Amino acid sequence: KGGCDLEYQEFVEQIKQKVTEQAEEGSKVSVSRILKNNLEPVDGLTILHQGENVARAIWLNPLYQKYEYGIPVERIAEEILEYHKKERQEGVCDLSFYTDFSKVQDHIACKLVHYGMNRTLLEKVPHRAFLDLAVVYYYRVEDERFGNASILVKNDHMRIWHTDPETLHALAMRNTPRLLPYELTDILELIRQISNVDSGMLRQDPPMYVLTNTEKSFGASAILFPAILQAVRARLQSDYYVLPSSIHECIIIPSDEQLDPEALHEMVKEINEEHVAPEELLGDSVYRYSQKRQRLEIVFSAETIL
(Lines give C-alpha, C1' and ligand atoms only; values in the text may rest on other atoms or scores of the structure.)
Protein backbone atom coordinates (compact mmCIF):
# COMPACT_ATOMS: atom_id res chain seq x y z
CA LYS A 1 0.00 0.00 0.00
CA GLY A 2 1.42 3.34 -0.99
CA GLY A 3 1.89 6.25 1.37
CA CYS A 4 -1.10 8.55 1.71
CA ASP A 5 -1.60 11.41 4.14
CA LEU A 6 -5.10 12.63 3.27
CA GLU A 7 -8.24 11.63 5.13
CA TYR A 8 -11.19 10.93 2.85
CA GLN A 9 -12.84 14.37 3.15
CA GLU A 10 -9.51 16.10 2.50
CA PHE A 11 -9.06 13.88 -0.55
CA VAL A 12 -12.52 14.92 -1.84
CA GLU A 13 -11.66 18.62 -1.42
CA GLN A 14 -8.28 18.23 -3.15
CA ILE A 15 -9.80 16.29 -6.05
CA LYS A 16 -12.44 18.98 -6.49
CA GLN A 17 -9.75 21.68 -6.43
CA LYS A 18 -7.45 19.89 -8.93
CA VAL A 19 -10.31 19.11 -11.33
CA THR A 20 -11.51 22.74 -11.12
CA GLU A 21 -7.99 23.99 -11.95
CA GLN A 22 -7.72 21.75 -15.02
CA ALA A 23 -11.32 21.89 -16.27
CA GLU A 24 -12.44 23.96 -19.22
CA GLU A 25 -12.85 27.66 -18.40
CA GLY A 26 -16.37 28.46 -17.24
CA SER A 27 -17.05 24.92 -16.03
CA LYS A 28 -18.71 24.34 -12.69
CA VAL A 29 -17.28 21.50 -10.60
CA SER A 30 -19.33 20.31 -7.64
CA VAL A 31 -19.52 17.36 -5.25
CA SER A 32 -22.83 16.05 -3.90
CA ARG A 33 -23.77 13.28 -1.49
CA ILE A 34 -26.01 10.88 -3.40
CA LEU A 35 -28.26 8.22 -1.89
CA LYS A 36 -28.37 4.90 -3.77
CA ASN A 37 -30.75 2.00 -3.25
CA ASN A 38 -29.84 -0.03 -0.11
CA LEU A 39 -26.40 1.59 0.16
CA GLU A 40 -24.64 4.20 2.27
CA PRO A 41 -24.48 7.66 0.64
CA VAL A 42 -21.75 8.12 -1.97
CA ASP A 43 -20.00 11.28 -3.18
CA GLY A 44 -20.50 12.18 -6.82
CA LEU A 45 -18.41 14.77 -8.62
CA THR A 46 -19.99 16.53 -11.61
CA ILE A 47 -18.52 18.89 -14.20
CA LEU A 48 -21.05 21.19 -15.86
CA HIS A 49 -20.03 23.24 -18.89
CA GLN A 50 -21.62 26.52 -19.93
CA GLY A 51 -25.01 25.93 -21.51
CA GLU A 52 -25.34 22.42 -20.05
CA ASN A 53 -27.84 21.42 -17.37
CA VAL A 54 -26.90 17.80 -16.70
CA ALA A 55 -23.71 15.81 -16.17
CA ARG A 56 -23.04 12.24 -15.16
CA ALA A 57 -21.70 11.90 -11.60
CA ILE A 58 -18.28 10.34 -11.07
CA TRP A 59 -18.15 8.38 -7.80
CA LEU A 60 -15.28 9.46 -5.55
CA ASN A 61 -15.49 6.75 -2.87
CA PRO A 62 -13.81 4.03 -5.00
CA LEU A 63 -11.23 6.55 -6.27
CA TYR A 64 -10.07 7.11 -2.69
CA GLN A 65 -9.00 3.45 -2.66
CA LYS A 66 -6.76 4.17 -5.66
CA TYR A 67 -5.24 7.05 -3.70
CA GLU A 68 -4.67 4.77 -0.70
CA TYR A 69 -2.74 2.42 -2.97
CA GLY A 70 -0.36 5.19 -3.95
CA ILE A 71 -1.84 6.88 -7.05
CA PRO A 72 -1.35 10.67 -6.66
CA VAL A 73 -4.31 13.03 -6.42
CA GLU A 74 -3.09 14.83 -9.56
CA ARG A 75 -3.22 11.62 -11.61
CA ILE A 76 -6.70 10.73 -10.32
CA ALA A 77 -7.92 14.23 -11.25
CA GLU A 78 -6.50 13.74 -14.77
CA GLU A 79 -8.31 10.38 -15.06
CA ILE A 80 -11.59 12.03 -14.02
CA LEU A 81 -11.18 14.70 -16.71
CA GLU A 82 -10.25 12.07 -19.36
CA TYR A 83 -13.34 10.04 -18.47
CA HIS A 84 -15.54 13.15 -18.50
CA LYS A 85 -14.21 14.19 -21.92
CA LYS A 86 -15.01 10.74 -23.34
CA GLU A 87 -18.53 10.85 -21.88
CA ARG A 88 -19.20 14.27 -23.41
CA GLN A 89 -18.00 13.13 -26.83
CA GLU A 90 -20.66 10.41 -26.72
CA GLY A 91 -23.33 13.06 -26.35
CA VAL A 92 -24.87 15.37 -23.78
CA CYS A 93 -28.47 14.83 -22.71
CA ASP A 94 -30.46 18.07 -22.49
CA LEU A 95 -32.79 17.91 -19.50
CA SER A 96 -34.13 21.47 -19.61
CA PHE A 97 -37.56 19.99 -20.37
CA TYR A 98 -37.52 18.21 -16.99
CA THR A 99 -38.97 21.24 -15.19
CA ASP A 100 -42.11 21.05 -17.37
CA PHE A 101 -44.48 18.49 -15.85
CA SER A 102 -46.54 18.21 -19.03
CA LYS A 103 -43.41 16.90 -20.80
CA VAL A 104 -42.48 14.30 -18.18
CA GLN A 105 -45.78 12.98 -16.86
CA ASP A 106 -46.26 10.32 -19.56
CA HIS A 107 -42.83 8.86 -18.76
CA ILE A 108 -43.17 8.53 -14.98
CA ALA A 109 -42.99 4.87 -13.92
CA CYS A 110 -42.67 3.08 -10.58
CA LYS A 111 -40.26 0.61 -9.02
CA LEU A 112 -40.02 -1.24 -5.72
CA VAL A 113 -37.34 -0.90 -3.05
CA HIS A 114 -37.02 -2.43 0.41
CA TYR A 115 -38.59 -0.08 2.96
CA GLY A 116 -36.36 -0.80 5.95
CA MET A 117 -33.07 -0.60 4.03
CA ASN A 118 -33.93 2.78 2.49
CA ARG A 119 -35.41 4.90 5.27
CA THR A 120 -32.99 7.80 4.68
CA LEU A 121 -33.62 7.75 0.93
CA LEU A 122 -37.40 7.60 1.45
CA GLU A 123 -37.28 10.84 3.45
CA LYS A 124 -36.21 12.60 0.26
CA VAL A 125 -38.51 10.98 -2.31
CA PRO A 126 -42.28 10.62 -2.71
CA HIS A 127 -43.21 7.02 -1.93
CA ARG A 128 -45.96 4.66 -0.85
CA ALA A 129 -45.68 1.62 1.44
CA PHE A 130 -46.50 -1.76 -0.11
CA LEU A 131 -46.22 -4.76 2.26
CA ASP A 132 -42.66 -4.43 3.65
CA LEU A 133 -41.53 -2.63 0.48
CA ALA A 134 -41.88 0.91 -0.85
CA VAL A 135 -43.10 2.16 -4.21
CA VAL A 136 -40.92 4.98 -5.59
CA TYR A 137 -41.14 6.80 -8.90
CA TYR A 138 -38.72 7.53 -11.72
CA TYR A 139 -38.52 9.20 -15.10
CA ARG A 140 -37.53 6.87 -17.97
CA VAL A 141 -34.88 8.56 -20.12
CA GLU A 142 -35.79 7.47 -23.65
CA ASP A 143 -32.40 8.12 -25.24
CA GLU A 144 -30.54 5.17 -26.77
CA ARG A 145 -27.17 6.69 -25.84
CA PHE A 146 -27.96 6.22 -22.16
CA GLY A 147 -29.46 2.71 -22.28
CA ASN A 148 -32.04 2.07 -19.54
CA ALA A 149 -31.26 5.35 -17.77
CA SER A 150 -33.67 6.73 -15.20
CA ILE A 151 -34.02 9.73 -12.91
CA LEU A 152 -35.41 9.05 -9.44
CA VAL A 153 -38.24 11.48 -8.64
CA LYS A 154 -37.43 13.48 -5.49
CA ASN A 155 -39.50 15.74 -3.28
CA ASP A 156 -37.68 18.73 -4.87
CA HIS A 157 -38.86 17.66 -8.34
CA MET A 158 -42.41 17.33 -7.07
CA ARG A 159 -42.30 20.91 -5.78
CA ILE A 160 -40.96 22.22 -9.12
CA TRP A 161 -43.78 20.40 -10.92
CA HIS A 162 -46.43 21.64 -8.43
CA THR A 163 -47.74 18.12 -8.04
CA ASP A 164 -48.30 15.65 -5.20
CA PRO A 165 -47.59 11.98 -4.33
CA GLU A 166 -51.14 10.87 -5.19
CA THR A 167 -50.89 12.30 -8.72
CA LEU A 168 -47.46 10.70 -9.24
CA HIS A 169 -48.74 7.34 -8.05
CA ALA A 170 -51.75 7.45 -10.35
CA LEU A 171 -49.55 8.37 -13.33
CA ALA A 172 -47.02 5.64 -12.56
CA MET A 173 -49.71 2.99 -12.15
CA ARG A 174 -51.13 4.02 -15.52
CA ASN A 175 -47.81 4.38 -17.35
CA THR A 176 -45.76 1.44 -16.08
CA PRO A 177 -47.75 -1.44 -17.67
CA ARG A 178 -47.97 0.56 -20.91
CA LEU A 179 -44.28 1.46 -21.08
CA LEU A 180 -43.00 -1.82 -19.61
CA PRO A 181 -45.39 -4.74 -20.28
CA TYR A 182 -44.89 -7.70 -17.97
CA GLU A 183 -43.29 -11.03 -18.94
CA LEU A 184 -43.75 -14.38 -17.21
CA THR A 185 -41.21 -16.99 -18.36
CA ASP A 186 -40.61 -20.58 -17.25
CA ILE A 187 -37.09 -20.78 -15.79
CA LEU A 188 -36.44 -23.88 -17.89
CA GLU A 189 -37.23 -21.86 -20.99
CA LEU A 190 -34.74 -19.19 -19.86
CA ILE A 191 -32.09 -21.89 -19.39
CA ARG A 192 -32.83 -23.19 -22.88
CA GLN A 193 -32.48 -19.69 -24.37
CA ILE A 194 -29.19 -19.06 -22.61
CA SER A 195 -27.55 -22.47 -22.99
CA ASN A 196 -29.34 -23.87 -26.06
CA VAL A 197 -30.17 -27.00 -24.07
CA ASP A 198 -33.44 -28.75 -24.96
CA SER A 199 -35.78 -27.82 -22.08
CA GLY A 200 -37.49 -31.21 -22.58
CA MET A 201 -34.30 -32.79 -21.24
CA LEU A 202 -34.55 -30.77 -18.01
CA ARG A 203 -36.75 -31.43 -14.99
CA GLN A 204 -37.76 -29.02 -12.26
CA ASP A 205 -39.74 -29.63 -9.10
CA PRO A 206 -41.42 -27.42 -8.14
CA PRO A 207 -41.83 -25.47 -11.41
CA MET A 208 -40.49 -21.92 -11.27
CA TYR A 209 -41.15 -18.84 -13.36
CA VAL A 210 -39.56 -15.40 -13.64
CA LEU A 211 -41.85 -12.36 -13.53
CA THR A 212 -40.30 -9.18 -14.92
CA ASN A 213 -40.95 -6.69 -17.73
CA THR A 214 -39.91 -6.50 -21.38
CA GLU A 215 -36.80 -4.44 -20.54
CA LYS A 216 -35.79 -6.59 -17.53
CA SER A 217 -35.43 -3.31 -15.66
CA PHE A 218 -37.21 -2.67 -12.33
CA GLY A 219 -39.49 -5.54 -13.30
CA ALA A 220 -40.35 -6.56 -9.71
CA SER A 221 -42.88 -3.71 -9.81
CA ALA A 222 -45.16 -6.07 -11.78
CA ILE A 223 -46.45 -7.38 -8.43
CA LEU A 224 -48.06 -3.98 -7.78
CA PHE A 225 -50.72 -4.53 -10.42
CA PRO A 226 -53.80 -6.63 -9.56
CA ALA A 227 -54.45 -7.38 -13.25
CA ILE A 228 -50.95 -8.86 -13.62
CA LEU A 229 -51.28 -10.90 -10.42
CA GLN A 230 -54.59 -12.27 -11.68
CA ALA A 231 -53.13 -13.03 -15.14
CA VAL A 232 -50.31 -15.03 -13.52
CA ARG A 233 -52.91 -16.92 -11.45
CA ALA A 234 -54.90 -17.73 -14.59
CA ARG A 235 -51.82 -19.03 -16.40
CA LEU A 236 -50.65 -21.22 -13.51
CA GLN A 237 -54.15 -22.36 -12.54
CA SER A 238 -52.92 -22.16 -8.96
CA ASP A 239 -52.25 -19.79 -6.11
CA TYR A 240 -48.54 -19.04 -5.92
CA TYR A 241 -45.58 -17.80 -3.92
CA VAL A 242 -43.62 -14.70 -4.93
CA LEU A 243 -39.91 -14.56 -4.06
CA PRO A 244 -38.20 -11.17 -4.50
CA SER A 245 -35.22 -12.15 -6.64
CA SER A 246 -34.12 -8.50 -7.09
CA ILE A 247 -35.55 -5.08 -7.92
CA HIS A 248 -35.62 -6.31 -11.54
CA GLU A 249 -37.60 -9.56 -11.22
CA CYS A 250 -39.44 -11.96 -8.94
CA ILE A 251 -39.50 -15.76 -8.89
CA ILE A 252 -42.99 -17.30 -9.03
CA ILE A 253 -43.64 -20.79 -7.61
CA PRO A 254 -47.11 -22.40 -7.69
CA SER A 255 -48.45 -23.07 -4.19
CA ASP A 256 -48.03 -26.63 -2.95
CA GLU A 257 -48.69 -28.07 0.50
CA GLN A 258 -45.20 -29.56 0.41
CA LEU A 259 -43.61 -26.09 0.17
CA ASP A 260 -42.58 -24.47 3.43
CA PRO A 261 -42.47 -20.63 3.39
CA GLU A 262 -39.53 -20.68 5.81
CA ALA A 263 -37.56 -22.94 3.45
CA LEU A 264 -38.42 -20.61 0.56
CA HIS A 265 -37.18 -17.69 2.66
CA GLU A 266 -33.85 -19.48 3.21
CA MET A 267 -33.60 -20.04 -0.54
CA VAL A 268 -34.22 -16.36 -1.31
CA LYS A 269 -31.73 -15.30 1.35
CA GLU A 270 -29.04 -17.57 -0.10
CA ILE A 271 -29.67 -16.35 -3.66
CA ASN A 272 -29.53 -12.73 -2.50
CA GLU A 273 -26.28 -13.21 -0.59
CA GLU A 274 -24.49 -15.06 -3.38
CA HIS A 275 -25.86 -13.70 -6.63
CA VAL A 276 -27.52 -10.28 -6.20
CA ALA A 277 -25.61 -6.98 -6.10
CA PRO A 278 -26.31 -5.04 -2.86
CA GLU A 279 -27.94 -2.13 -4.73
CA GLU A 280 -30.32 -4.54 -6.50
CA LEU A 281 -31.58 -6.39 -3.42
CA LEU A 282 -35.30 -6.25 -2.82
CA GLY A 283 -35.51 -8.33 0.35
CA ASP A 284 -35.78 -11.84 1.81
CA SER A 285 -39.50 -12.03 2.55
CA VAL A 286 -41.83 -14.57 0.94
CA TYR A 287 -45.22 -13.49 -0.41
CA ARG A 288 -48.23 -15.47 -1.57
CA TYR A 289 -51.04 -14.61 -3.96
CA SER A 290 -54.42 -16.08 -3.06
CA GLN A 291 -57.29 -16.29 -5.54
CA LYS A 292 -59.75 -16.28 -2.65
CA ARG A 293 -58.33 -13.10 -1.11
CA GLN A 294 -57.27 -11.63 -4.48
CA ARG A 295 -54.20 -9.95 -3.10
CA LEU A 296 -50.55 -10.48 -2.31
CA GLU A 297 -49.65 -11.09 1.35
CA ILE A 298 -46.47 -11.67 3.34
CA VAL A 299 -46.31 -15.30 4.52
CA PHE A 300 -42.77 -15.20 5.87
CA SER A 301 -40.54 -12.28 6.75
CA ALA A 302 -37.03 -12.32 8.21
CA GLU A 303 -38.46 -11.40 11.61
CA THR A 304 -41.51 -13.61 11.98
CA ILE A 305 -43.95 -15.98 10.33
CA LEU A 306 -47.17 -14.09 9.58
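Arginine 233 lies in helix 9 (residues 226-236), where helices (H or I, at least four residues) and strands (E, at least two) are DSSP runs numbered from the N terminus. The model is a predicted one, in which local features need pLDDT of at least 70 and side-chain atom pairs count only at pLDDT 80 or more, while totals for chains, interfaces and linings use all residues. Residues are numbered from 1 along each chain as its sequence is written, and side-chain values use heavy atoms, with hydrogens and water left out.

**Arginine 233**

- Arginine 233 counts as buried because its relative accessible area is 18%, the cut-off for buried being under 20% relative accessible area, with exposed over 50% and partly exposed in between (1.4 Å probe, protein chains only).
- Leaving aside residues up to four places away in sequence, arginine 233 touches Ser238, Asp239, Tyr240, Tyr289 and Gln291, contact meaning heavy atoms within 4.5 Å.

**Histidine 157 in helix 6**

- Histidine 157, which lies in helix 6, is buried because its relative accessibility is 16%.
- Not counting residues up to four places away in sequence, histidine 157 touches Tyr98, Ile151 and Leu152.
- Between the C-alpha atoms of histidine 157 and proline 126, which are 31 residues apart along the chain, the separation is 9.6 Å.

**Helix 7**

- Helix 7 (residues 165-179) has 15 residues and reaches 20 Å from its first C-alpha to its last, close to the 21 Å expected, a span given by 1.5 Å times one less than the number of residues.
- At the start of helix 7, a side-chain oxygen of aspartate 164 comes to within 3.1 Å of the backbone nitrogen of glutamate 166.
- The buried residues of helix 7 are Leu168, His169, Leu171, Ala172, Asn175, Thr176 and Leu179, and their cover includes helix 4 (101-104), strand 4 (108-114), strand 5 (127-130), strand 6 (133-140) and helix 6 (155-161).

- Three strands form an open sheet in the order 1-2-3 with antiparallel pairing, two strands being paired if DSSP finds at least two bridges between them.
- Strand 1 (28-34) and strand 3 (58-59) stand at the edges with a single partner strand each, so one side of each is left without a neighbour in the sheet.
- Strand 1 pairs with strand 2 (residues 42-48) in the antiparallel sense over seven bridges, and serine 32 stands opposite glycine 44 in strand 2.
- Helix 1 (residues 8-22) lies across strand 1 and strand 2 and runs at about 10° to strand 2, with axes fitted to C-alpha atoms (for helices over the stretch in contact) and angles running from 0 to 180 degrees between N-to-C directions.

Terms used:
Polar contact = N/O pair within 3.5 Å; in protein donor to acceptor, adjacent residues only side chain to side chain.
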